[in-house]
Amino acid sequence: MIGMLVLSEIGLPQAGPGLTVEKITRGQLASYPRKTEVTAIVGSRAMAIDAASLPFPGLKLVQLTSAGFDGVPLEAYASAGVAVANAGSVYSVPIAETVVYGMLQMAKRYHKNPKRHRLRLTRGYRYLTELAGKTAVILGAGSIGTEVARRLNGLGMTVWGYDPYCPEKPEYARLFRDMEALKQALPACRYVISTLPDNAETRGVLDRTVFGCMTRETVFVNVGRKAVIRQDDLYAALKSGQLGGAVLDMFEVFPNPVTNRFRRLRNTVILPGVAAISQESRERRDDHILANLARVERGEEPRCVVNKEK
C-alpha cells in the first residue's frame, strides 16, 4: 500500500515515508473533504463513534488512543472490514503505580495530615498500617491488573485476582472465576482494586451485595470504569463506615467538580484522573500506533484488534 492517508486526533512524530498523517479534530471529521482517500483514523472513543456513521470507503483501521473501547460500534466496523485496535498495555505501568500511591496514602493516613487546619497530626500506632502481609484482590486480571499485582507482590502482599476469562498467572496466588466465589473471599481482603472495563457483563456489577461482603477495614480502589460501580451503593457503604475507605480515580466529568459528593467523605481519597498519563506512556502510545499503521501499510493485521469476528 502506497501513500496511506491517516487522520489523527493526536500529533504523531516520525511517521514512515509511506504515511501521510493529517492532524484533525473530532469536529472537523464530518466535513473532511478527502474521505475516499483515508485508510486509517487515530483518535479517542468519541472520534471512533462519530467516524462509524461517516462514509470512509477505504478505511482499514480505527486506532484508539485509549485502552478502553466501550461505546465503539465494534460489530459495525467488523462488518465493514475495518479493524478497531486499542492502545493495548501502554498505560498499565502508570496506572499500577497510581494504585500503589493511593493505597499508601490510605495506609499511612497521609490524606488526614496535609492541608488540615489543625496542629495535631494522625501519628498514633493504632492508625497507621503497612501494606506488607495484607491481602489484596484485583478485579480484572488483564494487563493493568497484572502490573498492579507485580508491584503488590514486591511489597510483600498476598495478591488474589478475579477474572472469568483470564488464564492462570503466577502473579496471583488465587484467581476467582465467578462472583459468588469472590464474595465469599472478600471478608479476608484488606484492599479491593477494580481495573474492570465497562461492558454488558460488568456494568453495575459492584453493588451493595458486593460492598456488603467487605469489612470496616477494607479499602476499595477504583482505576477501572465508573460504570461498573453502583455509585449510590458505594457512597452509602463509605458514609456509613461499612467500608474503611476508598481511593477513586475514575469519574465521568474532568476536572472532577468540587461539588462531587465523594469529596465530602473523610475516608475517601479523590485522585485527579491522570493515572494513565506519563511521559513514558505517551512514547509507548505513539510507538504502538505508528507500528500498527506500518503493519496496515504492509497489508498485515494490526496488533490489539478488539473487533475480530468470531
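The model is predicted: local features need pLDDT of at least 70, side-chain atom pairs count only at pLDDT 80 or more, and totals for chains, interfaces and linings use all residues. Residues are numbered from 1 along each chain as its sequence is written, and side-chain values use heavy atoms, with hydrogens and water left out. The chain holds eight helices and twelve strands (DSSP runs numbered from the N terminus: H or I of at least four residues for helices, E of at least two for strands).

**Overall dimensions**
- The C-alpha trace spans about 65 × 45 × 35 Å along its principal axes.

**Five-stranded sheet**
- This open sheet runs β2-β1-β3-β4-β5, with parallel pairing (two strands pair if DSSP finds at least two bridges between them).
- β2 (19-23) and β5 (83-85) are the edge strands; each has a single partner strand, so one side of each lacks a neighbour in the sheet.
- Neighbouring strands are turned by 20° against each other on average, direction ignored (axes are lines fitted to C-alpha atoms, for helices over the stretch in contact; angles run from 0 to 180 degrees between N-to-C directions).
- Four bridges link β1 (residues 4-8) and β3 (residues 38-43) in the parallel sense.
- Leu5 stands opposite Val38 in β3.
- Helix α8 (residues 279-297) packs on the sheet and touches β1, β2, β3, β4 (61-64) and β5 (contact means heavy atoms within 4.5 Å).
- The direction of α8 makes about 170° with that of β4.

- β9 (residues 191-194) and β10 (residues 219-222) run parallel and are joined by four bridges.
- Ser194 faces its opposite, Asn222, in β10.

**Helix pair α3 and α4**
- The axes of α3 (residues 92-107) and α4 (residues 143-154) come within 8 Å and cross at roughly 50°.
- That makes α3 oblique to α4 (under 35 degrees is roughly parallel, over 145 roughly antiparallel, 65 to 115 roughly perpendicular, the rest oblique).
- The crossing is right-handed (the near helix is turned clockwise from the far one by less than a right angle).
- Contact residues in α3 include Ile95, Val99 and Met103; those in α4 include Ile144, Glu147 and Arg151.
- The contact residues divide into nine nonpolar, two polar and three charged (Ala, Val, Leu, Ile, Met, Phe, Trp, Tyr, Cys and Pro are nonpolar; Asp, Glu, Lys and Arg are charged; the others, Gly among them, are polar).
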